[in-house]
Structures are given as structure tokens and as C-alpha cells.
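Please keep the sequence and the coordinates at hand while reading.

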Amino acid sequence: MDNAVEAIGLTKYYGNLLAVDHINFEVKKGEIFGFLGPNGAGKTTTIRMLTGISIPTEGTAIIMGYDIRHQPIEAKEQMGIVPDISNVYNELSAWDNLIFTGKLYDMPKAYRESRAVELLKLFGLYERRKEKVQGFSRGMKRRICIAMALMNRSSILFLDEPTSGLDVQSVLIIRDMIRKLNQQGLTIFLTTHNLEEASQMCDRVAIINHGRIAAIDAPEKLKRTVESLQSVEVAFATLPSDALKELEELPNISEVVKEGDKFRLFTDDPSSVLTSIWKYAENNNLKLITVNTLGPSLEDVFVKLTGIRPATAEEELEKTGRSKVQGTAQRRAEQ
Amino acid sequence: MDGHSSHYGREIRVAWAITVKDMRTYYTKPPSLMFGILFPFSLFLSFSIGTKAPLTTQIPILISQTLFFASSSIGPVVIPTERANQTFDRFLTSPVSLLSILIGKTLAGIIYGAGISVIPVLVGVAFFGSQITNLGILFACFVLSSLAFSALGILFASIPGQTPGQVMMPLNFVRIPLLFISGVYIPIRELPALMQVVSMLSPLTHTVELAKYATGGETFFGPILNITILTMYAVTFLFMGIRFHIMNQRKE
């Protein structure tokens with residue numbers, strides 16, 4: 001048994017709405033598996049079925065060899081879960097939260113207390129163990145939540161948006177913790193909106209869209225499937241007023257996107273675009289401060305596979321009042 | 001056999017852990033105090049001030065109302081709150097059956113209802129000359145009534161809602177009319193024949209009857225029928241509550 005998770009025809013209907021459509025995938029033991037998708041794609045529904053919160057309409061999932069529908073107790077003993085919001089008991093202290101979790105797993109008293117001490121020290125919360133959690137910051141609550149998920153020494157950890165909305169320090173602590181836990185042999189099932197995070201951390205990712213798996217592979221392999229989305233990133237010391245329009249008129253450029261103080265020029269021939277940019281800068285007496293050639297990012301893959309709808313992007317642009325040229329993600333998706 | 005006994009032992013320990021956690025966390029929450037204590041005491045006071053009946057005959061009414069409201073209030077406070085905070089999901093992802101989770105929560109309601117209802121018994125005996133003539137019946141009244149009403153609260157808590165109010169409102173649509181057909185305000189003997197049949201179907205009727213009987217009063221239906229019907233309601237509410245919570249899991 002090499003798989004930590006096997007989803008077999010997993011399906012969920014909400015009334016007549018098909019939220020998850022007969023999906024199949026495997027998560028190998030010991031890997032960090034990223035589960036990506038736009039809002040409403042079926043990520044959370046899938047994780048809720050895998051963890052036994054929700055009963056699938058059809059299909060099932062095998063967790064460390066146990067069927068979540070027919071052997072739920074055994075399957076749940078193998079897993080720890082960190083949901084998208086920190087579902088800690090605010091009225092209880094950090095210590096009591098961990099001890100109660102130990103009781104839910106029927107851990108013997110001495111063992112649950114030693115494990116609670118170990119985890120509180122690991123997450124830097126031991127000194128504040130007697131304080132009620134309601135006074136904790138969001139990052140501290142997140143750490144408590146992860147510590148609760150680790151109480152039973154699970155074999156697989158499900159993390160739903162673990163770093164969403166946290167300060168930089170908490171994000172770094174949690175990412176470092178996830179890597180260390182994985183190095184110790186824990187399988188990680190991670191859903192995230194942060195594609196850079198998924199790219200950096202995951203051995204493999206699955207992209208779900210409209211309830212179906214659109215792609216599943218290692219991040220670098222997925223990036224290679226969209227080689228046509230190469231680009232040159234350029235920034236000038238001073239910004240000419242018509243730069244966007246003029247850059248779009250350069251040869252071999254399919255699209256220009258303004259990203260902050262930089263421009264990103266999409267092309268299938270980066271070398272000729274570099275030459276054109278040097279000439280453009282020289283002719284306009286501009287000083288180049290940044291020139292980078294970029295391969296496709298996981299975000300590019302994501303956009304291509306999920307095909308973000310133009311109307312949605314347009315609406316977003318209208319809301320933010322920014323240039324329509326920036327809303328070209330969907331055009332990239334159509335390439 | 002050992003495997004089975006350790007499985008059941010584990011389920012009981014986890015259910016008790018849930019009960020203790022709910023007691024610590026929710027007993028002093030404002031909705032528990034309001035719907036579980038203030039509500040029955042206020043109803044009782046507003047009724048007793050306007051009646052000429054001696055106070056000793058009203059103590060069983062207060063005991064019954066307190067058992068009814070306090071026991072049935074914990075589930076509708078705890079479960080929607082935990083659903084909103086997603087802490088209910090913690091139970092669903094724990095290696096324990098839904099039955100044990102709901103038994104743990106039912107037990108929290110039983111202890112709350114029975115615990116508070118001891119107060120009117122003590123006050124009645126200490127200050128108003130009430131007498132407990134049948135301790136066994138009083139015990140049965142407390143255990144069966146708090147179980148049935150706590151299970152009723154758990155049943156209503158299966159209504160998808162994320163605030164106690166969303167469950168309390170439909171629950172009160174059931175609880176308050178029951179006061180008028182259960183011998184609380186109007187003795188069953190004085191009801192028309194058809195209403196006496198309806199009264200027999202109310203679980204509160206049997207709590208009132210048992211409380212009266214245990215304190216030296218009379219029962220209309222008899223304690224055997226009271227105990228039988230309360231037991232049937234306790235089992236039915238518990239079974240329906242579990243079924244509805246499983247249906248929720250299928251829908252969620």
C-alpha cells in the first residue's frame with residue numbers, strides 16, 4: 001500500500017447541483033500534495049468528504065488503507081485536520097484545547113499530557129498554555145489548531161488554507177513546520193489559494209475545476225505543459241506615458257500586462273523581444289532597471305486550466321478601476 | 001469480546017469527555033441561562049401570581065417546567081454555536097460514532113435540566129412544606145423527562161442554523177403550546193375528552209403527572225403509563241435526532 005489517500009469516483013450533489021463529479025486521484029505516502037482550484041471548484045467539498053465531515057453521494061475514499069465510508073473510525077484515527085478557519089474552543093485554554101483533543105482520540109492521560117507539553121513547546125505556546133484561546137492572535141490560534149491536529153500522531157495531515165490571512169512571521173513558521181513534519185514522514189494534503197506556496201512546497205498538485213480534476217502532476221511538469229506562456233519582465237527608471245501601447249506594438253509580443261511598476265511581455269520568442277526592448281529603451285532614452293525572462297508559473301497553468309471567465313475579470317477590473325490591459329489573464333487562458 | 005468491550009468503553013469515555021466540555025463551555029452562556037432558567041421561572045411566576053391554588057401544589061409545576069425548558073435548551077445552544085465555529089466538525093472528524101457524539105451532548109442537557117430542577121424541589125421541601133412521598137417516582141421523573149427533553153433539543157438542533165435563535169424559535173413553537181395541553185395551567189381532568197387524548201400525547205403531561213404523584217398528588221393517566229410514554233418519547237427523539245443529523249451529513 002503506497003497510497004495515503006485514494007479518491008475513487010468521489011461525487012457530491014447538493015440537490016441538483018453537482019459539486020464534485022466522480023473524481024479519482026491518489027496521494028502517495030510521504031508526499032506534500034497540493035489541491036488547487038478557484039473558489040467554488042469543489043476543493044472544500046472534497047476535503048470534507050475525505051475527512052468524513054460530509055458523506056459522499058457516490059464513490060468513496062481510502063485513507064491509509066481504510067474506507068472512509070465503511071471504516072470511518074479506523075480512517076479517522078489516521079488523520080489530523082486543520083480546516084480553513086481555526087476551529088479552536090475560545091472559552092478553553094490552550095492546554096485544555098489540546099487535552100480535549102487527546103480525549104476525543106481516547107489517548108491515555110499521561111500520554112495526552114506529555115504530547116500536549118511537547119506540542120505547546122514546539123509551537124512556542126507553552127508559556128501561555130493556561131490562557132484562554134480567545135485572547136490569542138490569529139496566528140497563535142492557527143498554531144494551536146495545527147497542534148490539535150497533531151495530537152494523535154496522525155499519518156496524514158489535511159490542511160485547508162493553512163496560511164490564509166496570517167502575518168508573514170506566522171506564515172513562515174507554519175510553512176517551516178509543514179516541511180519538517182513532512183520530512184519526519186507525515187503525508188500532507190494541502191489546499192491553498194497561494195500558487196507560489198504550492199509551487200514551492202508540493203511534490204505534486206491537483207487542479208480541480210467545476211468539480212473535476214483538470215490536471216494532476218508535479219508543479220514543474222505542469223509548467224512545462226504551457227511553454228508557450230514565456231515572458232519578459234521589464235521595469236524602467238522612469239515610466240513613459242504611452243509605454244503600454246508602445247510595448248504592445250513591438251514585434252513577436254502577444255500581450256503586455258502591467259504588474260505594479262513592471263511590464264510583463266508575453267512571447268514565444270524571448271530573445272527577439274529582449275533585442276526589441278533594448279532598442280525601445282535606447283530610442284526613448286529610457287534606463288532599464290530590471291529585465292528578466294520568465295518561464296510559465298503555476299499561476300499560468302492554473303489560469304489556463306481553470307479558464308477564468310472574461311466577464312469575471314472585467315467585473316474585477318471595473319471594481320478596482322484599473323486598466324483593462326491588466327485583465328488579460330483569461331486571454332492567456334485561451335492561448 | 002475484548003475488542004467489543006474496548007470499543008464501547010472508548011465510545012463511552014469520548015461521549016463523557018464531550019459532556020464535560022459542553023458543561024464547562026456552555027452552561028453559563030447567556031442563551032442557556034435565558035432559555036433554560038429565566039424562561040421557566042418567569043412563566044411560573046406569571047402564572048402563580050394569578051392563581052389561588054396553594055404553593056405546595058404548584059411546586060410540581062415548577063419542577064416540570066424547569067425540567068422541560070432547561071433540558072431541551074442545551075442542544076439548541078451548543079450545536080448551532082459549534083456549527084458556526086466549525087467546532088462541531090471536530091467531532092465529525094474524530095474517531096468516534098455520531099451516536100456517541102449526540103449521547104455526549106444529550107447527557108449535557110440531562111445534567112443541566114436535572115441539576116437546575118433540583119432547586120425547586122429543595123426550595124419546596126425547605127420553605128413551603130412540600131413532601132416527597134415517592135422518591136423512586138421522582139427519580140424516574142427526573143431521569144426520563146430530562147432524557148426525553150434533552151433528546152428533543154438535540155432533535156431540533158439538527159435544523160441547519162448557525163445561531164441558537166434559529167433553533168430556539170421553531171422549538172418554542174412546540175414547547176409553548178405544550179404548556180396549555182399538559183396539565184400545567186389547566187388540570188387534565190378539567191379538559192374536554194378530546195383534549196385529554198391530545199394531552200396524553202404530550203410528553204410534558206407525563207412529567208407533570210409524575211412530579212405531582214411523587215409529591216403526594218394524583219395522576220390522571222397513572223404512573224405506569226406516564227413512565228412508558230416518557231420512555232417511548234426519549235427513545236423516539238434520540239433515534240430521530242440521530243437520523244436527522246446523519247441526513248445533514250449527507251446534505252453538507
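Asn285(A) is located between helix 10 (270-283) and strand 14 (288-294) of chain A. Although Asn285(A) is not a glycine, its phi is positive, at about 55°. Most residues other than glycine have a negative phi. Is this residue, Asn285(A), buried or exposed? Asn285(A) counts as exposed because it has 8 C-beta neighbours inside 10 Å. For chain A the mean pLDDT is 86, with 91% of the residues at 70 or more. Residues 319-335 of chain A, however, have a pLDDT below 50, and this stretch has 35 contacts in the model beyond near neighbours in sequence. Where pLDDT is low, the predicted coordinates should not be read in detail.

Chain A as a whole may be considered next. It contains 13 helices and 14 strands, and its C-alpha atoms fill a box of roughly 75 × 45 × 35 Å along the principal axes. Of its 335 residues, 41% count as buried. When contacts between residues at least 6 apart in sequence are taken, 69% of those in chain A join residues at least 24 apart.

Chain A is divided into domain 1 (3-220) and domain 2 (226-334). The C-alpha centres of these two domains of chain A lie 37 Å apart. Their contact takes 11 residues from domain 1 of chain A and six residues from domain 2 of chain A. On the domain 1 side, two or more residues come from each of helix 7 (195-201), strand 9 (204-209) and strand 10 (212-217) of chain A. Helix 7 of chain A gives the most to that side, with three residues. In terms of residue class, the side of domain 1 of chain A that touches domain 2 has eight nonpolar, three polar and no charged residues.

Two hairpins of chain A can be followed strand by strand. Strand 1 (residues 3-14) and strand 2 (residues 17-28) of chain A pair in the antiparallel sense over eight bridges. Within this pairing, Leu10(A) stands opposite Ile23(A) of strand 2. Two residues separate the strands of this hairpin, in which Gly15(A) takes a positive phi near 65°. Strand 12 (residues 255-259) and strand 13 (residues 262-267) of chain A run antiparallel and are joined by five bridges. Val256(A) has Leu265(A), in strand 13 of chain A, as its bridge partner.

Among the helices of chain A, helix 3 (residues 94-104) is mostly covered, since nine of its 11 residues are buried. The buried residues include Leu98(A), Ile99(A) and Phe100(A), and also Asn97(A) and Lys103(A). Just after this helix of chain A, Asp106(A) takes a positive phi of about 55°.

Chain B has 10 helices and zero strands. Its radius of gyration is 18 Å, close to the 18 Å given by the globule rule for 252 residues, so chain B is as compact as a globular protein of that length. The C-alpha atoms of chain B fill a box of roughly 55 × 40 × 40 Å along the principal axes. Buried residues make up 49% of the 252 residues in chain B. Of the contacts in chain B between residues at least 6 apart in sequence, 82% join residues at least 24 apart.

Gln86(B), which is not a glycine, has a positive phi of about 60°. It is found between helix 3 (55-84) and helix 4 (88-92) of chain B. Gln86(B) is partly exposed, with 16 other C-beta atoms within 10 Å.

Finally, the two chains meet. At their interface, 19 residues of chain B are in contact with 20 residues of chain A. Helix 1 (2-26), helix 4 and helix 10 (223-251) of chain B each supply at least two residues of the side that touches chain A. Helix 1 of chain B gives the most to this side, with six residues. The residues of this side of chain B divide into five nonpolar, seven polar and seven charged.

Terms used: Residues numbered from 1 in each chain as written. Chains lettered and ligands numbered in written order. Predicted model: local features only at pLDDT ≥ 70, side-chain atom pairs only at ≥ 80, totals over all residues. pLDDT = per-residue confidence, 0-100. Contact = placed C-beta atoms within 7 Å. Helix = DSSP H or I, 4+ residues; strand = E, 2+ residues; numbered from the N terminus. Rg over C-alpha atoms; globule rule 2.2 N^0.38 Å. Buried ≥ 20, exposed ≤ 12 C-beta atoms within 10 Å, placed from the backbone. Nonpolar A, V, L, I, M, F, W, Y, C, P; charged D, E, K, R; others polar. Pairing = 2+ DSSP bridges. Domains from an automatic or database assignment.
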